[in-house]
Amino acid sequence: MFSEVQLQTPCSAEDIEQHSRRWEGKSCTLAGIRILQRTTRGRALGLFSLIDSLWPPLVPLKVPGQSQDCEAIKTKLPPPSFCYILMAQPDPRHVNVGEEGQISNLYLPPTVHSLKEILQVGDFNQRCSFWAQVIYRRLQVKCSVSAGQREFWLFVTDFTLQSGAKGNCGTPKTIPVYFASSCVLDKKVMEALTNACHCVIFFKDALRGNGRIICVERTVLSLQKPLLYTAAEADFSEMTSPVKLDELDSTTQANSICTTRGTISGVNESTAFSWPTCNRCSNGKLEQHPQNRGSYYCSLCSQTVILPVLKMQLEVFLHCPSRPHCTVKVKLLQKTISSVLMSSSSEDGSYEVKSVLGKEVGLLNCYVQSVTSHPSCVGLEEIALLEAGRN
Ligand SMILES: [Zn+2]
């Protein structure tokens with residue numbers, strides 16, 4: 001029988017790590033336990049996917065009324081169909097670690113897999129643990145961080161994906177991991193994820209299913225290597241060479257990241273616009289100067305902006321050698337726009353559409369917003385990957 005014990009303690013960043021160091025894998029006695037509910041497989045799919053990952057147990061099962069040396073029973077027993085949810089006293093001192101903190105022989109540590117293994121063998125609704133480098137993150141459009149909603153996509157990779165060729169085994173160089181707000185995330189991980197740098201994260205008990213990996217309730221993200229684990233191929237070293245992305249081709253899917261290059265065949269003029277920004281603070285909301293018409297005033301710096309920096313939004317159509325018969329639309333980043341316009345803009349910052357046509361751009365790192373086949377069309381957005389560097 002399995003039970004889940006809920007501890008009602010205020011959980012801070014330190015607590016999660018402390019608790020796992022103190023309790024993970026160990027036999028404990030719990031005082032003042034209350035039964036909250038008895039739940040079943042049908043009502044708690046997430047919980048049972050975790051229980052299934054712990055089944056069958058390491059030690060032979062003892063079945064009441066049967067001789068204990070019957071090996072057949074052990075292998076044939078189905079995983080449990082119910083589980084008790086227990087509530088422990090709010091005070092964690094009611095949890096006592098027994099037997100001088102030895103690891104219990106009942107404990108099954110997480111099996112750490114490489115991302116390639118997970119993509120190749122993953123079944124529906126199966127838990128998996130892996131160590132991966134986060135190279136790009138993207139907020140769900142409808143979510144706001146300020147409202148406490150934390151739903152986003154992390155694009156991750158590891159050695160096994162980086163070294164594979166897409167054509168052969170069908171594994172991409174990067175994969176998206178969906179992050180739901182119910183996942184356990186401490187402050188340190190959140191800080192690492194909001195940083196502009198690569199970070200390497202251990203994903204414990206993420207859910208693999210329906211062709212993607214999701215972090216849900218009972219998934220734990222941490223910056224630490226797991227204390228206890230088994231691994232066939234896990235590699236915990238950091239990647240030193242630059243991360244490679246797949247090139248845009250006919251297998252590229254929406255909500256993935258890729259690289260592309262090509263020549264500009266058109267400009268989406270309905271979405272193109274430019275605005276002046278402050279050269280000191282990058283403020284994009286400049287006012288007309290009250291006395292000196294024609295020049296700008298920055299209310300953040302309280303100064304006249306003598307040399308405004310022109311920013312632009314520009315969407316172009318590319319002719320890509322890797323997708324010759326496909327309409328490829330890319331929303332460009334500022335740095336690419338600047339380099340495209342460098343030689344073609346006139347003094348006042350305006351530009352002639354004709355002058356950017358035929359220019360070559362790339363390699364661009366892009367997020368794939370949409371892919372349609374009739375008509376054959378790909379919508380891309382140029383992105384900046386998280387920088388390699390220290391966590
Ligand atoms: Zn300013």
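I began at Cys-298, which is buried at a relative accessible area of 0% (buried is under 20%, exposed over 50%, partly exposed in between, with a 1.4 Å probe and protein chains only). Before going on, I noted that this is a predicted model, where local features need pLDDT of at least 70, side-chain atom pairs count only at pLDDT 80 or more, and totals for chains, interfaces and linings use all residues. Residues are numbered from 1 along each chain as its sequence is written, and side-chain values use heavy atoms, with hydrogens and water left out.

Which residues coordinate the zinc ion? I found the SG atoms of Cys-278, Cys-281, Cys-298 and Cys-301, at 2.2 to 2.3 Å (donors are N, O and S atoms within 2.8 Å of the metal, or 3.2 Å for Na, K and Ca; water is not among the atoms, so sites may look incomplete). The four donor atoms subtend angles of 104 to 113°, which makes the arrangement tetrahedral (four donors with all angles between 85 and 135 degrees). Their spacing in sequence is C-x2-C-x16-C-x2-C. Cys-278 sits in the loop between strands S17 (273-277) and S18 (287-288), while Cys-298 is in strand S19 (residues 296-298), 20 residues apart (strands are DSSP runs of E, at least two residues; helices are runs of H or I, at least four; both are numbered from the N terminus). Cys-278 counts as buried at 2%, whereas Cys-301 is partly exposed at 22%.

**Helix H7.** I checked residues 187-194 and found Val-189, Ala-192 and Leu-193 buried. They cover an arc of only 95° around the axis, which puts them on the same side of H7 (the arc is that of the directions from the helix axis to the C-beta atoms). Lys-187 and Thr-194 are exposed on the face turned away from that buried side.

**Cores.** Leu-193 turned up again in the largest nonpolar core, of 26 residues, as one of those touching the most other members (a core is a set of buried Ala, Val, Leu, Ile, Met, Phe, Trp, Tyr and Cys residues joined through side-chain atoms within 4.5 Å). Elements giving two or more residues to this core include H7, strand S7 (126-139) and strand S8 (152-157). A second, separate core has 23 residues, among them Leu-248 and Cys-320.

**Aromatics.** I noted that Tyr-136, Phe-155 and Tyr-367 form one aromatic cluster (rings of Phe, Tyr and Trp, the last by its six-membered ring, pair if their centres lie within 6.5 Å; planes under 30 degrees apart are stacked, over 60 edge-to-face, the rest tilted). Phe-155 is buried at 0%, and Tyr-136 at 9%.

Notes: Tetrahedral: all angles 85-135°; square planar, octahedral: opposite > 155°, others 65-115°.
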